[in-house]
Amino acid sequence: MHITSVMCTSHDARWVLLIFTVPALPSRIRAAVWREVNRVGATYIRDGVCVLPEQEGTLKAFQAIGARIKSDGGRSTLVRGARLDPEQGLQVVSESRAKRTAEYDAIVQEASSFVAYLRQEKEHRRLTSAELDRLGADLVKLHRWIEQVHARDYFGADDRTRTEGSLQACEAE
């Protein structure tokens with residue numbers, strides 16, 4: 001499922017909540033739910049309660065996660081139009097931005113390593129077509145990664161522009 005990120009702020013925001021419980025065993029169910037919640041960029045406000053800004057894409061994402069939870073024997077409830085108190089809203093925004101910043105930093109680090117490797121190898125020898133193909137595939141993976149992070153960056157994390165610049169540096173090499 002692809003979610004389109006739309007910048008929003010916590011002031012007067014409407015939120016969608018996913019409230020759920022999953023069976024304790026097998027633990028793979030809990031792990032799968034955790035991965036899906038993180039994939040869509042949701043923030044836990046307590047155990048079994050996740051929040052996203054209310055948008056068509058985030059609502060569909062939570063509906064899909066809720067359906068999976070139910071199919072795995074759990075229970076889920078979706079709450080639309082929720083209002084968080086201003087302090088809680090700011091905390092959610094801050095936590096989300098921090099997570100996206102960490103993801104952007106990891107992409108920048110990976111892109112820097114990519115450029116350093118490419119420069120080092122180009123200094124010493126000519127790259128084979130197989131190596132160039134592998135590097136091209138690595139660049140595609142970096143682009144896919146940044147698209148995934150952009151999709152869950154609902155609040156405009158600080159390093160978004162720097163990350164895009166690091167990918168442009170990879171392409172320039």
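The β2–β3 hairpin has two residues between its strands, and Gly48 in the turn carries a positive phi of about 75°. This is a predicted model, in which local features need pLDDT of at least 70 and side-chain atom pairs count only at pLDDT 80 or more, while totals for chains, interfaces and linings use all residues. Residues are numbered from 1 along each chain as its sequence is written, and side-chain values use heavy atoms, leaving out hydrogens and water. Helices (H or I, at least four residues) and strands (E, at least two) are DSSP runs, numbered from the N terminus.

**The hairpin and the sheet**

- β2 and β3 pair in the antiparallel sense over three bridges; two strands count as paired if DSSP finds at least two bridges between them.
- Within that pairing, Arg46 sits opposite Val49 in β3.
- Zooming out, four strands make an open, antiparallel sheet, ordered β2-β3-β1-β4.
- The edges belong to β2 (43-46) and β4 (75-82), each with a single partner strand, so one side of each has no neighbour in the sheet.
- From one strand to the next, the twist averages 30°.

**β3 and its other partner**

- β3 (residues 49-53) also pairs with β1 (residues 15-21), antiparallel again, over five bridges.
- On that side, Leu17 faces Val51 in β3, and Val16 has Leu52 as its bridge partner.
- Five of the five residues of β3 are buried, so the rest of the structure largely encloses this strand; buried means under 20% relative accessible area, with exposed over 50% and partly exposed in between (1.4 Å probe, protein chains only).
- Val49, Val51 and Pro53 point one way from β3, while Cys50 and Leu52 point the other way.

**Helices across the sheet**

- Helix α2 (residues 56-71) lies across β1, β3 and β4, at about 10° to β1.
- Helix α3 (residues 86-124) lies across β1, β2 and β3, at about 140° to β2.
- For these angles, axes are lines fitted to C-alpha atoms, for helices over the stretch in contact, and values run from 0 to 180 degrees between N-to-C directions; contact means heavy atoms within 4.5 Å.

**Aromatic rings**

- Rings of Phe, Tyr and Trp (its six-membered ring) pair if their centres lie within 6.5 Å; planes under 30 degrees apart are stacked, over 60 edge-to-face, and the rest tilted.
- By this rule there are three aromatic pairs.
- Tyr154 and Phe155 form an edge-to-face pair, 6.3 Å centre to centre with 70° between the planes, and both residues are buried.
- Ring pairs join Trp15, Tyr154 and Phe155 into a cluster.
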